[in-house]
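I wanted to look up how the strands pair in this model. My notes follow in the order I made them.

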Amino acid sequence: MIDFAVIGSGISGATISNKLNKKYSVRVFEKAKGVGGRSSFKRFKGKIGFDHGLQYLSPRSREFKSFANKLIKKRVLKHWKGNHQFLNEKVKRDKKHVKLIGTRGNNDICKHLLKSVNCKFQSELFEIQRQKNCWFLRFKDNTDIYTKNLIITAPFPQVKKLVSKFVKTKLFKNKVNMNSSLTVLMMTNKTGSNVSSFFTNDNILGWVSNENSKKRFKCDKDLWVLQSTYEYGKKHTDNYKNKKKFYTNVLINKFKKLTKVKIKKIYFTHIHGWKYSSNSNPLKINSYWDKKLKLGICADWFGGPRLENGWLSAEDLFNKISSS
Ligand SMILES: Cc1cc2nc3c(=O)[nH]c(=O)nc-3n(C[C@H](O)[C@H](O)[C@H](O)COP(=O)(O)OP(=O)(O)OC[C@H]3O[C@@H](n4cnc5c(N)ncnc54)[C@H](O)[C@@H]3O)c2cc1C
(Lines give C-alpha, C1' and ligand atoms only; values in the text may rest on other atoms or scores of the structure.)
Protein backbone atom coordinates (compact mmCIF):
# COMPACT_ATOMS: atom_id res chain seq x y z
CA MET A 1 0.00 0.00 0.00
CA ILE A 2 1.32 3.48 -0.88
CA ASP A 3 1.51 6.30 1.66
CA PHE A 4 -0.08 9.03 -0.50
CA ALA A 5 -2.27 8.99 -3.61
CA VAL A 6 -2.46 12.48 -5.15
CA ILE A 7 -5.24 13.16 -7.64
CA GLY A 8 -4.20 15.71 -10.29
CA SER A 9 -0.90 16.83 -11.81
CA GLY A 10 -1.53 20.59 -12.02
CA ILE A 11 0.50 22.99 -9.88
CA SER A 12 -1.29 21.98 -6.65
CA GLY A 13 -0.79 18.23 -7.18
CA ALA A 14 2.77 18.69 -8.47
CA THR A 15 3.80 20.90 -5.52
CA ILE A 16 2.40 18.69 -2.76
CA SER A 17 3.70 15.50 -4.44
CA ASN A 18 7.19 16.91 -4.82
CA LYS A 19 7.33 17.73 -1.10
CA LEU A 20 5.78 14.48 0.16
CA ASN A 21 7.89 12.35 -2.17
CA LYS A 22 11.04 13.28 -0.23
CA LYS A 23 9.76 11.27 2.75
CA TYR A 24 6.89 9.00 1.68
CA SER A 25 5.83 6.74 -1.17
CA VAL A 26 3.66 8.89 -3.45
CA ARG A 27 1.73 8.20 -6.62
CA VAL A 28 0.02 10.82 -8.78
CA PHE A 29 -3.10 9.90 -10.76
CA GLU A 30 -4.03 12.21 -13.62
CA LYS A 31 -6.98 11.82 -15.95
CA ALA A 32 -5.31 13.69 -18.84
CA LYS A 33 -2.53 12.40 -21.09
CA GLY A 34 0.15 14.65 -19.62
CA VAL A 35 1.10 16.94 -16.72
CA GLY A 36 0.00 20.47 -16.01
CA GLY A 37 -3.81 20.55 -15.70
CA ARG A 38 -4.88 24.09 -16.51
CA SER A 39 -1.24 25.06 -17.17
CA SER A 40 -0.87 22.49 -19.95
CA PHE A 41 1.12 22.95 -23.16
CA LYS A 42 -0.38 21.64 -26.38
CA ARG A 43 2.46 20.32 -28.52
CA PHE A 44 2.00 20.72 -32.23
CA LYS A 45 5.24 19.47 -33.78
CA GLY A 46 8.66 18.99 -32.14
CA LYS A 47 9.20 21.92 -29.77
CA ILE A 48 6.42 23.94 -31.42
CA GLY A 49 3.23 24.31 -29.45
CA PHE A 50 0.77 26.52 -27.61
CA ASP A 51 0.20 27.38 -23.95
CA HIS A 52 -3.28 26.01 -23.79
CA GLY A 53 -4.55 27.44 -20.48
CA LEU A 54 -2.38 29.60 -18.21
CA GLN A 55 -0.47 32.21 -20.23
CA TYR A 56 2.03 33.61 -17.75
CA LEU A 57 2.83 33.91 -14.04
CA SER A 58 3.05 37.20 -12.22
CA PRO A 59 4.24 36.34 -8.68
CA ARG A 60 2.83 38.54 -5.91
CA SER A 61 3.67 36.89 -2.55
CA ARG A 62 7.19 36.87 -1.08
CA GLU A 63 7.19 33.05 -0.89
CA PHE A 64 6.13 32.51 -4.47
CA LYS A 65 8.53 35.19 -5.74
CA SER A 66 11.38 33.35 -4.06
CA PHE A 67 10.23 29.99 -5.52
CA ALA A 68 9.93 31.54 -9.00
CA ASN A 69 13.40 33.11 -8.75
CA LYS A 70 14.90 29.70 -7.99
CA LEU A 71 13.17 28.32 -11.09
CA ILE A 72 14.54 31.17 -13.22
CA LYS A 73 18.06 30.25 -12.06
CA LYS A 74 17.40 26.62 -12.98
CA ARG A 75 16.09 27.78 -16.39
CA VAL A 76 12.67 26.27 -15.78
CA LEU A 77 11.09 29.74 -16.01
CA LYS A 78 12.06 32.85 -17.97
CA HIS A 79 10.81 36.41 -18.47
CA TRP A 80 8.34 37.20 -21.21
CA LYS A 81 9.06 40.83 -22.02
CA GLY A 82 8.08 41.97 -25.50
CA ASN A 83 5.32 44.29 -26.55
CA HIS A 84 2.15 43.75 -24.51
CA GLN A 85 -0.56 45.98 -25.90
CA PHE A 86 -3.64 47.27 -24.16
CA LEU A 87 -6.40 48.00 -26.62
CA ASN A 88 -8.33 49.89 -23.98
CA GLU A 89 -7.06 52.23 -21.30
CA LYS A 90 -9.15 50.54 -18.61
CA VAL A 91 -7.26 47.22 -18.68
CA LYS A 92 -3.78 48.52 -17.92
CA ARG A 93 -3.76 46.93 -14.47
CA ASP A 94 -1.43 44.08 -15.47
CA LYS A 95 1.29 46.33 -16.82
CA LYS A 96 3.20 46.67 -13.56
CA HIS A 97 3.57 42.90 -12.98
CA VAL A 98 6.42 40.85 -14.42
CA LYS A 99 5.42 38.09 -16.79
CA LEU A 100 7.12 34.72 -16.34
CA ILE A 101 6.68 31.72 -18.63
CA GLY A 102 7.98 28.16 -18.81
CA THR A 103 11.21 27.94 -20.83
CA ARG A 104 9.74 25.28 -23.14
CA GLY A 105 6.06 25.43 -22.22
CA ASN A 106 3.96 26.57 -19.27
CA ASN A 107 3.74 23.03 -17.90
CA ASP A 108 7.53 23.16 -17.26
CA ILE A 109 7.01 23.92 -13.53
CA CYS A 110 4.82 20.85 -13.05
CA LYS A 111 7.20 18.71 -15.10
CA HIS A 112 10.10 19.94 -13.00
CA LEU A 113 8.32 19.25 -9.71
CA LEU A 114 7.17 15.81 -10.80
CA LYS A 115 10.36 14.55 -12.38
CA SER A 116 11.09 12.08 -9.53
CA VAL A 117 7.46 11.29 -8.71
CA ASN A 118 5.64 8.18 -9.89
CA CYS A 119 2.78 9.42 -12.13
CA LYS A 120 0.03 7.53 -13.89
CA PHE A 121 -1.80 9.30 -16.73
CA GLN A 122 -5.20 8.71 -18.33
CA SER A 123 -6.28 7.52 -14.93
CA GLU A 124 -9.53 9.12 -13.78
CA LEU A 125 -10.64 8.52 -10.22
CA PHE A 126 -14.37 7.91 -9.96
CA GLU A 127 -15.05 5.97 -6.75
CA ILE A 128 -13.67 6.36 -3.23
CA GLN A 129 -14.35 4.09 -0.28
CA ARG A 130 -13.12 4.48 3.26
CA GLN A 131 -11.96 1.11 4.56
CA LYS A 132 -10.55 0.20 7.95
CA ASN A 133 -7.38 2.30 8.07
CA CYS A 134 -7.01 3.24 4.47
CA TRP A 135 -8.65 4.50 1.29
CA PHE A 136 -9.77 2.32 -1.59
CA LEU A 137 -9.74 4.15 -4.94
CA ARG A 138 -11.26 2.93 -8.19
CA PHE A 139 -10.36 4.42 -11.58
CA LYS A 140 -12.23 4.53 -14.87
CA ASP A 141 -9.66 2.26 -16.54
CA ASN A 142 -10.85 -0.48 -14.13
CA THR A 143 -7.76 -0.32 -11.93
CA ASP A 144 -7.91 0.17 -8.18
CA ILE A 145 -5.51 0.97 -5.40
CA TYR A 146 -5.22 1.18 -1.60
CA THR A 147 -3.59 4.21 -0.05
CA LYS A 148 -3.02 5.38 3.53
CA ASN A 149 -3.56 9.07 2.65
CA LEU A 150 -5.61 10.70 -0.10
CA ILE A 151 -4.99 14.18 -1.55
CA ILE A 152 -7.36 15.73 -4.09
CA THR A 153 -6.44 18.81 -6.16
CA ALA A 154 -9.22 19.17 -8.77
CA PRO A 155 -11.50 22.22 -9.34
CA PHE A 156 -14.13 22.84 -6.63
CA PRO A 157 -17.20 21.15 -8.26
CA GLN A 158 -15.18 18.02 -9.08
CA VAL A 159 -13.73 17.73 -5.56
CA LYS A 160 -17.18 18.27 -4.08
CA LYS A 161 -18.59 15.41 -6.17
CA LEU A 162 -15.77 13.07 -5.17
CA VAL A 163 -15.38 13.63 -1.44
CA SER A 164 -18.18 15.75 0.03
CA LYS A 165 -19.58 12.76 1.98
CA PHE A 166 -16.26 12.43 3.88
CA VAL A 167 -15.89 16.12 4.73
CA LYS A 168 -17.54 17.01 8.02
CA THR A 169 -16.77 20.74 8.03
CA LYS A 170 -18.68 23.45 6.12
CA LEU A 171 -16.10 23.48 3.30
CA PHE A 172 -18.60 22.57 0.58
CA LYS A 173 -21.23 24.99 1.88
CA ASN A 174 -18.99 27.77 0.54
CA LYS A 175 -19.91 29.35 -2.76
CA VAL A 176 -16.92 29.07 -5.10
CA ASN A 177 -17.90 30.41 -8.49
CA MET A 178 -16.00 28.78 -11.32
CA ASN A 179 -15.76 30.83 -14.54
CA SER A 180 -15.77 29.20 -17.97
CA SER A 181 -13.94 30.28 -21.11
CA LEU A 182 -13.24 29.22 -24.68
CA THR A 183 -9.73 29.07 -26.14
CA VAL A 184 -8.84 28.96 -29.83
CA LEU A 185 -5.35 27.90 -30.93
CA MET A 186 -4.51 29.07 -34.44
CA MET A 187 -1.61 28.81 -36.89
CA THR A 188 -1.47 31.50 -39.59
CA ASN A 189 0.87 32.96 -42.19
CA LYS A 190 3.72 35.13 -40.83
CA THR A 191 1.86 38.35 -40.18
CA GLY A 192 4.81 40.56 -39.31
CA SER A 193 3.12 41.53 -36.01
CA ASN A 194 5.64 42.46 -33.31
CA VAL A 195 3.02 42.33 -30.54
CA SER A 196 3.41 39.71 -27.79
CA SER A 197 -0.11 39.96 -26.41
CA PHE A 198 -3.23 42.04 -26.80
CA PHE A 199 -5.46 42.83 -23.82
CA THR A 200 -8.83 43.86 -25.19
CA ASN A 201 -11.85 45.37 -23.56
CA ASP A 202 -14.28 43.44 -25.68
CA ASN A 203 -17.25 41.42 -24.40
CA ILE A 204 -16.32 38.32 -26.46
CA LEU A 205 -12.55 38.21 -26.99
CA GLY A 206 -10.64 38.87 -23.77
CA TRP A 207 -7.01 38.32 -24.61
CA VAL A 208 -4.66 37.20 -27.38
CA SER A 209 -1.16 35.81 -27.14
CA ASN A 210 1.43 35.58 -29.90
CA GLU A 211 3.19 32.32 -29.06
CA ASN A 212 6.21 33.08 -31.30
CA SER A 213 7.00 36.07 -29.07
CA LYS A 214 7.75 33.66 -26.20
CA LYS A 215 10.93 32.74 -28.12
CA ARG A 216 10.89 29.04 -27.36
CA PHE A 217 11.15 27.84 -30.95
CA LYS A 218 11.60 29.04 -34.50
CA CYS A 219 8.57 28.69 -36.74
CA ASP A 220 7.88 30.04 -40.23
CA LYS A 221 4.20 30.50 -39.30
CA ASP A 222 2.54 32.60 -36.56
CA LEU A 223 0.88 30.83 -33.62
CA TRP A 224 -1.92 32.60 -31.74
CA VAL A 225 -3.93 31.80 -28.62
CA LEU A 226 -7.30 33.57 -28.47
CA GLN A 227 -9.13 33.51 -25.15
CA SER A 228 -12.76 34.45 -24.74
CA THR A 229 -14.06 36.54 -21.88
CA TYR A 230 -15.70 34.74 -18.93
CA GLU A 231 -18.92 36.46 -19.91
CA TYR A 232 -18.88 34.77 -23.34
CA GLY A 233 -17.56 31.48 -21.87
CA LYS A 234 -20.45 31.34 -19.39
CA LYS A 235 -22.99 31.43 -22.21
CA HIS A 236 -21.30 29.06 -24.66
CA THR A 237 -18.87 26.61 -23.01
CA ASP A 238 -21.56 23.98 -22.43
CA ASN A 239 -22.64 23.85 -26.09
CA TYR A 240 -19.56 24.84 -28.13
CA LYS A 241 -18.85 21.20 -29.11
CA ASN A 242 -21.88 21.10 -31.42
CA LYS A 243 -20.75 24.22 -33.31
CA LYS A 244 -16.98 24.28 -33.05
CA LYS A 245 -16.47 25.99 -36.42
CA PHE A 246 -18.94 28.72 -35.57
CA TYR A 247 -17.35 29.61 -32.21
CA THR A 248 -13.84 29.40 -33.68
CA ASN A 249 -14.85 31.92 -36.35
CA VAL A 250 -16.48 34.26 -33.84
CA LEU A 251 -13.20 34.58 -31.92
CA ILE A 252 -11.04 34.81 -35.07
CA ASN A 253 -13.23 37.54 -36.59
CA LYS A 254 -13.08 39.52 -33.36
CA PHE A 255 -9.31 39.12 -33.32
CA LYS A 256 -8.97 40.43 -36.88
CA LYS A 257 -11.31 43.33 -36.26
CA LEU A 258 -9.85 44.49 -32.96
CA THR A 259 -6.13 44.04 -33.65
CA LYS A 260 -5.92 44.66 -37.42
CA VAL A 261 -3.34 41.86 -37.65
CA LYS A 262 -3.15 40.85 -41.32
CA ILE A 263 -4.13 37.22 -41.64
CA LYS A 264 -4.02 35.85 -45.16
CA LYS A 265 -4.05 32.14 -44.49
CA ILE A 266 -5.11 29.98 -41.56
CA TYR A 267 -3.35 26.59 -41.52
CA PHE A 268 -4.80 25.08 -38.37
CA THR A 269 -7.28 25.82 -35.59
CA HIS A 270 -8.31 24.01 -32.42
CA ILE A 271 -11.00 25.08 -29.94
CA HIS A 272 -11.29 24.03 -26.31
CA GLY A 273 -13.85 24.88 -23.65
CA TRP A 274 -12.59 25.32 -20.08
CA LYS A 275 -15.60 24.61 -17.91
CA TYR A 276 -13.64 25.44 -14.76
CA SER A 277 -11.23 28.03 -16.08
CA SER A 278 -10.82 30.13 -12.96
CA ASN A 279 -12.61 30.91 -9.73
CA SER A 280 -13.86 33.86 -7.76
CA ASN A 281 -14.83 34.11 -4.05
CA PRO A 282 -11.65 32.82 -2.38
CA LEU A 283 -12.11 31.03 0.97
CA LYS A 284 -10.82 31.93 4.41
CA ILE A 285 -8.65 28.80 4.64
CA ASN A 286 -5.77 27.85 2.35
CA SER A 287 -6.22 24.08 2.29
CA TYR A 288 -8.12 21.25 4.02
CA TRP A 289 -6.59 18.44 6.09
CA ASP A 290 -8.43 15.82 8.14
CA LYS A 291 -5.69 14.11 10.09
CA LYS A 292 -7.99 11.39 11.41
CA LEU A 293 -9.29 10.33 8.00
CA LYS A 294 -6.02 11.28 6.29
CA LEU A 295 -7.80 13.23 3.61
CA GLY A 296 -6.31 16.42 2.15
CA ILE A 297 -7.51 18.96 -0.39
CA CYS A 298 -5.43 21.72 -1.97
CA ALA A 299 -6.18 23.78 -5.09
CA ASP A 300 -6.09 27.31 -6.48
CA TRP A 301 -9.75 27.92 -5.54
CA PHE A 302 -8.92 28.17 -1.83
CA GLY A 303 -7.08 31.42 -2.47
CA GLY A 304 -7.89 32.86 -5.89
CA PRO A 305 -7.81 32.47 -9.64
CA ARG A 306 -4.08 32.21 -10.35
CA LEU A 307 -1.48 29.44 -10.42
CA GLU A 308 0.24 31.03 -7.44
CA ASN A 309 -2.88 30.32 -5.36
CA GLY A 310 -2.56 26.59 -6.11
CA TRP A 311 1.09 26.64 -5.10
CA LEU A 312 0.34 28.48 -1.84
CA SER A 313 -2.50 26.05 -1.06
CA ALA A 314 -0.25 23.01 -1.58
CA GLU A 315 2.47 24.55 0.62
CA ASP A 316 -0.12 25.15 3.33
CA LEU A 317 -1.41 21.58 3.14
CA PHE A 318 2.12 20.19 3.33
CA ASN A 319 2.73 22.21 6.52
CA LYS A 320 -0.50 20.88 8.02
CA ILE A 321 0.43 17.28 7.19
CA SER A 322 3.97 17.71 8.55
CA SER A 323 2.75 19.08 11.85
CA SER A 324 -0.05 16.51 12.38
C1 LIG B 1 -7.57 29.61 -20.11
C2 LIG B 1 -6.88 29.82 -18.78
C3 LIG B 1 -6.00 30.89 -18.62
C4 LIG B 1 -5.35 31.10 -17.41
N5 LIG B 1 -4.45 32.12 -17.31
C6 LIG B 1 -3.73 32.24 -16.18
C7 LIG B 1 -2.69 33.20 -16.10
O8 LIG B 1 -2.38 33.89 -17.08
N9 LIG B 1 -2.01 33.31 -14.91
C10 LIG B 1 -2.28 32.51 -13.83
O11 LIG B 1 -1.59 32.62 -12.79
N12 LIG B 1 -3.27 31.61 -13.88
C13 LIG B 1 -3.99 31.44 -15.03
N14 LIG B 1 -4.95 30.48 -15.10
C15 LIG B 1 -5.30 29.73 -13.89
C16 LIG B 1 -4.28 28.61 -13.61
O17 LIG B 1 -4.12 27.83 -14.77
C18 LIG B 1 -4.79 27.78 -12.44
O19 LIG B 1 -4.96 28.62 -11.31
C20 LIG B 1 -3.86 26.64 -12.04
O21 LIG B 1 -3.32 25.99 -13.16
C22 LIG B 1 -4.66 25.67 -11.16
O23 LIG B 1 -3.82 24.60 -10.77
P24 LIG B 1 -4.45 23.42 -9.88
O25 LIG B 1 -3.38 22.39 -9.73
O26 LIG B 1 -5.04 23.97 -8.62
O27 LIG B 1 -5.66 22.83 -10.74
P28 LIG B 1 -5.60 22.10 -12.18
O29 LIG B 1 -4.51 22.66 -12.99
O30 LIG B 1 -7.00 22.15 -12.71
O31 LIG B 1 -5.22 20.60 -11.81
C32 LIG B 1 -6.17 19.64 -11.41
C33 LIG B 1 -5.83 18.34 -12.14
O34 LIG B 1 -6.68 17.31 -11.63
C35 LIG B 1 -7.03 16.46 -12.72
N36 LIG B 1 -8.25 15.76 -12.33
C37 LIG B 1 -9.46 16.30 -12.04
N38 LIG B 1 -10.33 15.33 -11.67
C39 LIG B 1 -9.65 14.16 -11.72
C40 LIG B 1 -10.01 12.79 -11.46
N41 LIG B 1 -11.24 12.44 -11.06
N42 LIG B 1 -9.06 11.82 -11.61
C43 LIG B 1 -7.78 12.15 -12.01
N44 LIG B 1 -7.40 13.43 -12.28
C45 LIG B 1 -8.32 14.42 -12.13
C46 LIG B 1 -7.23 17.42 -13.89
O47 LIG B 1 -7.11 16.75 -15.14
C48 LIG B 1 -6.09 18.41 -13.64
O49 LIG B 1 -4.90 18.04 -14.33
C50 LIG B 1 -5.59 30.23 -16.31
C51 LIG B 1 -6.47 29.14 -16.48
C52 LIG B 1 -7.09 28.92 -17.70
C53 LIG B 1 -7.99 27.72 -17.88
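The model is a predicted one.

Entry, hairpins. I started with β9 (residues 125-131) and β10 (residues 134-139), which pair in the antiparallel sense over six bridges. I then looked up the bridge partner of Q131 in β10, and found C134. β9 and β10 form a hairpin, with two residues between the strands.

Entry, the next strand along. I followed β10 on to β11 (residues 144-152) and counted four bridges, with the two strands running antiparallel. Here F136 has Y146 in β11 as its bridge partner. The hairpin of β10 and β11 has four residues between the strands.

Entry, the open sheet. In what order do the six strands of the open sheet lie? I read the order as β6-β13-β14-β15-β12-β16, with mixed pairing. The edge strands are β6 (84-86) and β16 (266-280), and each of them pairs on one side only. I also noted the twist, which averages 20° from one strand to the next.

I looked up how β6 is joined to β13 (residues 197-199): the two pair in the parallel sense, over three bridges. Which residue of β13 does H84 stand opposite? I found S197 there.

Terms used: Residues numbered from 1 in each chain as written. Predicted model: local features only at pLDDT ≥ 70, side-chain atom pairs only at ≥ 80, totals over all residues. Pairing = 2+ DSSP bridges. Axes fitted to C-alpha atoms, helices over the stretch in contact; angles between N-to-C directions.
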